[in-house]
Amino acid sequence: MKIVASVIPRNFEEAQNIDVSKYDGVDLIEWRADFLAKEEIITVAPAIFEKFAGREIIFTLRTSREGGNIELSDQEYIALIKEINAIYNPDYIDFEYFSHKAVFNEMLDFPNLVLSYHNFKETPENLMESFSEMTKLAPRVVKIFVMPNSEQDVLNLMNYTRGFKALNPEQTYATMSMGKLGRISRIASDIIGSSWIFVSIDNNSNAPGQISLNDMKKIIEVLDADS
């Protein structure tokens, strides 16, 4: 299980002033580049990769289609991903599979893909089909974050993750039922077969229901205790 925290600079100065020490205890750094203007992403990139040199980094462009902060066409989206990958070769590239499915064929040679799906409105009835379709493509990680509207929605996400992980033990999954209702899915990651836990730094959450790094460390300590 890996702890993931996002870094979300809104300009070059913020990127330069990131306090890296706050990310001690974090296994994966997710650079959320979508809070920058499109033309600033390449400009800010050197500061991010220098700050977190030697750390595992996920490059994420979360578009407005999936709850993010940037509007991009398919071609703009994939061009930025390819440019960042060619120059900096991040450990993981997040790709919004269902939103940019039309250009997915251009990503087939990428060994570091996180195929992601985010739904901030609901847990769709066809969630099992989404798990199946993304799993068949065998990316490095299948990532599914959905919003529950009932306790059953939370249980469905957890059960599907456990089931698909049992059938595909070599596949890495990162799944989450969001919001307060879905917090149990964050805490139960190990049990359900989800390999990543996303946490906030300084209680500045960028996702509903996210738990702070300090609180998550305490929870893990309690769960790992022998008595």
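Which residues in H2 meet which residues in H3? Ile41, Ile42, Ala45, Pro46 and Phe49 in H2 meet Leu80, Glu83, Ile84 and Tyr88 in H3, where contact means heavy atoms within 4.5 Å. This is a predicted model, in which local features need pLDDT of at least 70, side-chain atom pairs count only at pLDDT 80 or more, and totals for chains, interfaces and linings use all residues. Residues are numbered from 1 along each chain as its sequence is written, and side-chain values use heavy atoms, leaving out hydrogens and water.

**H2 and H3**
- Helix H2 (residues 41-51) packs on helix H3 (residues 74-88) at about 35°, axes 11 Å apart; angles run from 0 to 180 degrees between N-to-C directions, and helices are DSSP runs (H or I, at least four residues).

**H4 and H5**
- The axes of H4 (residues 127-136) and H5 (residues 151-167) come within 10 Å and cross at roughly 30°.
- That makes the pair roughly parallel (angles under 35 degrees).
- On the H4 side, Leu127, Met128, Phe131, Ser132 and Thr135 meet Leu157, Tyr160, Thr161 and Phe164 of H5.
- Those contact residues split into six nonpolar, three polar and no charged.

**Ser130**
- Ser130 sits in helix H4 and counts as buried, at 5% relative accessibility (buried means under 20% relative accessible area, with a 1.4 Å probe and protein chains only).
- Ser130 and Leu108 are 22 residues apart in sequence and 18 Å apart in space, C-alpha to C-alpha.

Terms used
Helices (H or I, at least four residues) and strands (E, at least two) are DSSP runs, numbered from the N terminus. Angles under 35 degrees count as roughly parallel, over 145 as roughly antiparallel, 65 to 115 as roughly perpendicular and the rest as oblique. Ala, Val, Leu, Ile, Met, Phe, Trp, Tyr, Cys and Pro count as nonpolar, Asp, Glu, Lys and Arg as charged, and the others, Gly among them, as polar. Buried means under 20% relative accessible area, exposed over 50%, partly exposed in between (1.4 Å probe, protein chains only).
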